[in-house]
Amino acid sequence: MKRLSRIALFFVLLLLPQQGWAGEALYIPQERVNLTALLAPPPVLGSPQQQQEAELLLKFQEERTQTQIAFARADMERTVFRFKDVLGDSFTAEKLPLTAAFFTKAQQNADQILAPVKRHWNRPRPYASNLDIHPCVEKPDDASYPSGHSTFGTLTSILLANMVPEKQTQLYERAELYRLNREIGGAHYPSDVLAGRISGTVIAALFMQDPVFQTEFARAKTELRRALGLPDH
């Protein structure tokens with residue numbers, strides 16, 4: 001009986017830290033922000049605005065070059081290290097483990113916030129609504145509005161710009177290209193991308209009010225600035 005009790009206690013103790021990790025996965029709970037109340041609904045299928053958006057995507061499709069296609073495909077990857085072209089060769093996961101973990105956590109939290117918003121509107125992807133639209137990137141299997149990539153790119157650029165204000169302009173310009181690649185690739189309407197930009201900004205603002213976020217942000221910022229050879233702030 002004592003042996004069984006010790007075994008039972010072992011498994012209880014084993015579970016405790018896992019519960020703690022689950023709680024630590026969030027900076028802000030999903031219910032903290034209701035993006036469905038903040039974002040305008042997407043254009044109605046068949047409306048003039050939706051048709052104009054489809055025409056723009058068809059124009060991108062007709063004019064995109066092989067270089068643009070390759071760029072859009074590369075930007076399918078949702079990782080902070082897509083901003084390496086701004087921050088340089090030292091900006092790698094291997095050199096920045098704290099930074100990598102911090103941005104992964106921020107991304108996962110943002111995804112949790114965005115998931116019910118996508119389900120709420122359940123907007124079909126452009127290629128599902130218009131068979132003339134042929135994306136040059138992989139076809140996601142979730143709803144189109146708001147854009148998760150646009151949300152991620154916006155959130156990431158804001159956090160990076162607050163870590164490395166010396167590169168603020170370049171980081172925001174890179175985020176704009178990241179968002180635009182979802183339209184060039186044929187995966188999102190412009191209104192999806194705009195809603196993602198708003199969503200990413202709102203989530204960033206809420207993150208910055210959280211004490212745990214602030215602590216982990218400061219650690220990642222110190223690691224990043226040192227790796228880039230910048231003075232601590």
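**Two helix contacts**

I begin with helix α5, residues 97–121, and helix α9, residues 190–207, which pack at an angle of about 120° with their axes 11 Å apart. Please keep in mind that this is a predicted model.

How are α5 and α9 oriented to each other? Angles from 65 to 115 degrees count as roughly perpendicular and those over 145 as roughly antiparallel, and α5 and α9 are therefore oblique to each other. The crossing of α5 past α9 is right-handed.

Which residues make this contact? From α5 come A106, N109, A110, I113 and L114, and they meet S199, I203 and F207 of α9. Sorted by class, the contact of α5 with α9 has six nonpolar residues, two polar ones and no charged ones.

I turn now to the second pair. Helix α7 covers residues 148–163 and helix α10 covers residues 211–227; their axes come within 9 Å and cross at roughly 65°. That angle makes α7 roughly perpendicular to α10. Here, α7 passes α10 in a crossing that is right-handed.

On the α7 side, the residues in contact are L159, L160, N162 and M163. Their partners in α10 are F213, F217, A220, K221, L224 and R225. By class, seven residues in the contact of α7 with α10 are nonpolar, one is polar and two are charged.

Notes:
Residues numbered from 1 in each chain as written. Predicted model: local features only at pLDDT ≥ 70, side-chain atom pairs only at ≥ 80, totals over all residues. Heavy atoms only, no water. Axes fitted to C-alpha atoms, helices over the stretch in contact; angles between N-to-C directions. Helix = DSSP H or I, 4+ residues; strand = E, 2+ residues; numbered from the N terminus. Parallel < 35°, antiparallel > 145°, perpendicular 65-115°, else oblique. Left-handed = near helix turned anticlockwise from the far one by under 90°. Contact = heavy atoms within 4.5 Å. Nonpolar A, V, L, I, M, F, W, Y, C, P; charged D, E, K, R; others polar.
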